[in-house]
Amino acid sequence: MDAPADRLKRELSRLTKALGARARVSSVAAGEGRETVLEPVDGALPVTVVEAGGRVTVALAGWRREFALAADDREDAEDACDLALDLVGAALFGELRIVEHRRDGVARRWEVAVRRGGAWQTIDHAGAGSWNPFVRRERVILANALPRPRGYKAVDVTRPDAPWAGRAGFCGGAQTEAPGELQVDGVLDLHNFHPRELGKLIPAYLEACRARGIVELRIIHGKGIGNVRRSVHALLDRSPAVAGYRLAGHGAGSWGATIVDLKPGP
């Protein structure tokens, strides 16, 4: 798999080509990194993406979010790349908007909202000064609604810490092996897969092991902050094929891997 920073550049390039004449794109060096600006020709919200020093910042009007592409854990870095790309797509494809609040002719606050069920739901505020929803002078709505290019299908992702996730469709396209093409030897390394693939991958791999008489296996999920480990354990809890599981001990991956005991297969 590409490094997260390389995949970010590749996806931005692919998006630029897909948008064609519908957006003006500029890309310039920014210190040790690069700044890319995507400005829809018929919209009011340029999207700025700055990648430098192992981090990427997505800026929309006066609101911005930063993501770590050089996280200690590969899964966390891949997740950060997906969230950054999803945010870019959500802003371009009409799933996110910025409401600018002006006072005395100067923009003071920004209200960020995402589209849910046909309505807009506020997810964040930015800017200086107190927030007064009843005082809205020169309220300007900045929103894009570019048609989604072919190949950028929305995905169903629930992320409480990133309410825009799943709006763009960049995620879910990782080039990985299908479960049936894996070497079924009792060791499953998840570093080669996207976290969103686990729901299908792990049950299929468990059954493939049972069919081959393998009743003990090791799932390598990495350490990081534990998101992937918790997802793996939740899937194991729901699987009727699992007799029990435990974190691997010293020499077998410690808390970066889980040992699974399976019930004998048919």
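Is Arg65 buried, partly exposed or exposed? In this predicted model, Arg65 is partly exposed, with a relative accessible area of 30%.

## The five-stranded sheet

Five strands form an open sheet in the order E1-E2-E3-E4-E5, and their pairing is antiparallel. Strands E1 (23-30) and E5 (63-68) stand at the edges; each has a single partner strand, so one side of each is left without a neighbour in the sheet. On average, neighbouring strands of this sheet are turned by 15° against each other, direction ignored.

E1 and strand E2 (residues 33-40) are joined by eight bridges in the antiparallel sense. Ala29, for instance, has Arg34 in E2 as its bridge partner. Within strand E3 (residues 47-52) lies Thr48, which counts as buried at 19% relative accessibility. Beyond its neighbours within four places in sequence, Thr48 is in contact with residues including Glu35, Val37, Thr57 and Ala59.

## Helices packed on the sheet

Helix H1 (residues 4-19) packs on the sheet and touches E1, E2, E3 and strand E4 (55-60). The direction of H1 makes about 155° with that of E3. Helix H2 (residues 74-92) also packs on the sheet, where it touches E2, E3, E4 and E5, and its direction makes about 155° with that of E5.

## Helix H4 and its buried face

Helix H4 (residues 227-238) has 12 residues, which at 1.5 Å a residue should span 16 Å; the end C-alpha atoms are 17 Å apart, in agreement with this. Its buried residues include Val228, Val232, Leu235 and Leu236. Seen down the axis of H4, the buried residues fall within an arc of 160°, so they line one face of the helix.

The face turned away from this buried side carries the exposed residues Asp237 and Arg238. The buried residues of H4 are covered by elements including H2, helix H3 (198-211) and strands E11 (216-220), E12 (242-247) and E13 (257-262).

## Salt bridges

The structure holds 12 salt bridges. One of them joins Asp124 to Arg65, with the closest N and O atoms 2.4 Å apart. Asp124 lies in strand E8 (residues 119-127) and Arg65 in strand E5, so the pair ties together parts that are 59 residues apart in sequence.

Within helix H1, Glu11 and Arg14 are three residues apart, about one turn of the helix, and form a salt bridge whose closest N and O atoms are 2.9 Å apart. Glu11 is buried, at 6% relative accessible area, whereas Arg14 is partly exposed, at 35%. A network of salt bridges links Arg10, Glu11 and Arg14.

Technical notes:
Residues are numbered from 1 along each chain as its sequence is written. This is a predicted model: local features need pLDDT of at least 70, side-chain atom pairs count only at pLDDT 80 or more; totals for chains, interfaces and linings use all residues. Side-chain values use heavy atoms; hydrogens and water are left out. Helices (H or I, at least four residues) and strands (E, at least two) are DSSP runs, numbered from the N terminus. Buried means under 20% relative accessible area, exposed over 50%, partly exposed in between (1.4 Å probe, protein chains only). Contact means heavy atoms within 4.5 Å. Two strands pair if DSSP finds at least two bridges between them. Axes are lines fitted to C-alpha atoms, for helices over the stretch in contact, and angles run from 0 to 180 degrees between N-to-C directions. The expected span of a helix is 1.5 Å times one less than its number of residues. The arc is that of the directions from the helix axis to the C-beta atoms. A salt bridge is a side-chain nitrogen of Lys or Arg within 4 Å of a carboxyl oxygen of Asp or Glu.
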